[in-house]
Amino acid sequence: MAWSVAKSFSAPAIDFRAIRSKAPLAASFGCASFASSNLWSCSSKTRSKTFASLSASLTDTSKKEAVQTEKAPAALGPYSQAIKANNLLFVSGCLGLIPETGKFISDGVEEQTEQVLKNMGEILKASGASYSSVVKTTIMLADLKDFKKVNDVYAKYFPAPAPARSTYQVAALPLDAKVEIECIAAL
């Protein structure tokens, strides 16, 4: 949970004890901050505008679960194929590698995109999610001129409403891939 306000406001009293039992808590009102039951205040020099903030953090690692499937390529480094946390799934960047061989499906961006999305689908499935669960994707391209080709393949996998998305041209991708895609899904 997180919220913030940058203008003056009048806030009702909050029973932090009730919230504290659910998750670690940090809150800030004006120039005073509360963390659990401790209070810190700031000097009048730093006081500029009214600000309020409330956030909770994931500190219990038992709520963070790694997802791994043999039906998608293994991670190329010290990271997980995906992580489940707080009813969300964070899928690491996927490449167009064939899971059994670790080799690219081809040198073509369309074929690599197709394989990337198949690999992502296997990770989503292993997590109990699907393409329709995806709320955000990030596409990294070796060449932004491939944008339309990637879009044509991508559109076949994501039903309306399509996920929010960012697309970037990057200097290089692992193993000289043409495309890499990562996503976040709701569980």
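**Note on the predicted model**

1. Strand 7 and strand 8 pair in the antiparallel sense, over four bridges. This is a predicted model. In strand 8, Leu-88 is the bridge partner of Ala-85. The hairpin of these two strands has two residues between them, and Asn-86 there takes a positive phi near 50 degrees.

2. Strand 7 also pairs with strand 6. That pairing is antiparallel too, and runs over four bridges. Here Lys-64 stands opposite Ala-85 of strand 7. The loop between strand 6 (64–67) and strand 7 (82–85) holds Tyr-79. Is Tyr-79 buried, exposed or partly exposed? Tyr-79 counts as partly exposed because its relative accessibility is 39%, and the range for that class lies between 20% and 50%.

3. Tyr-79 also belongs to a nonpolar surface patch, with Leu-76 and Leu-175. Together the three residues have about 300 Å² of accessible area.

4. The largest nonpolar core has 25 residues. Those with the most contacts inside this core are Leu-89, Val-91, Met-120, Leu-124 and Val-179. At least two core residues come from each of strand 8 (88–94), helix 2 (109–126), strand 9 (134–141), helix 3 (147–154) and strand 11 (179–186). Helix 2 gives the largest share, six residues. In soluble globular proteins, nonpolar side chains tend to be buried together.

5. Which residues does Met-120 touch, beyond its neighbours within four places in sequence? Met-120 is in contact with Val-91, Cys-94, Phe-158, Ile-181, Glu-182 and Cys-183.

6. Another core lies apart from the largest one.

7. Overall layout: the protein chain has three helices and 11 strands. Along the sequence the pattern reads β-α-β-β-β-β-β-β-β-α-β-α-β-β. Of the contacts with a separation of 6 or more, 64% join residues 24 or more positions apart.

8. Burial and surface: 29% of the 187 residues count as buried. The accessible surface of the protein chain comes to about 11,400 Å². Carbon and sulfur atoms account for 54% of that surface.

Conventions
Residues are numbered from 1 along each chain as its sequence is written. This is a predicted model: local features need pLDDT of at least 70, side-chain atom pairs count only at pLDDT 80 or more; totals for chains, interfaces and linings use all residues. Side-chain values use heavy atoms; hydrogens and water are left out. Patches are made of residues with over 30% relative accessible area and no salt bridge: like charges are joined within 9 Å, nonpolar side chains (Val, Leu, Ile, Met, Phe, Trp, Tyr) within 5 Å. Accessible areas come from the Shrake-Rupley method with a 1.4 Å probe; for residues, only the protein chains shown count as cover. A salt bridge is a side-chain nitrogen of Lys or Arg within 4 Å of a carboxyl oxygen of Asp or Glu. Buried means under 20% relative accessible area, exposed over 50%, partly exposed in between (1.4 Å probe, protein chains only). A nonpolar core is a set of buried Ala, Val, Leu, Ile, Met, Phe, Trp, Tyr and Cys residues joined through side-chain atoms within 4.5 Å. Contact means heavy atoms within 4.5 Å. Two strands pair if DSSP finds at least two bridges between them.
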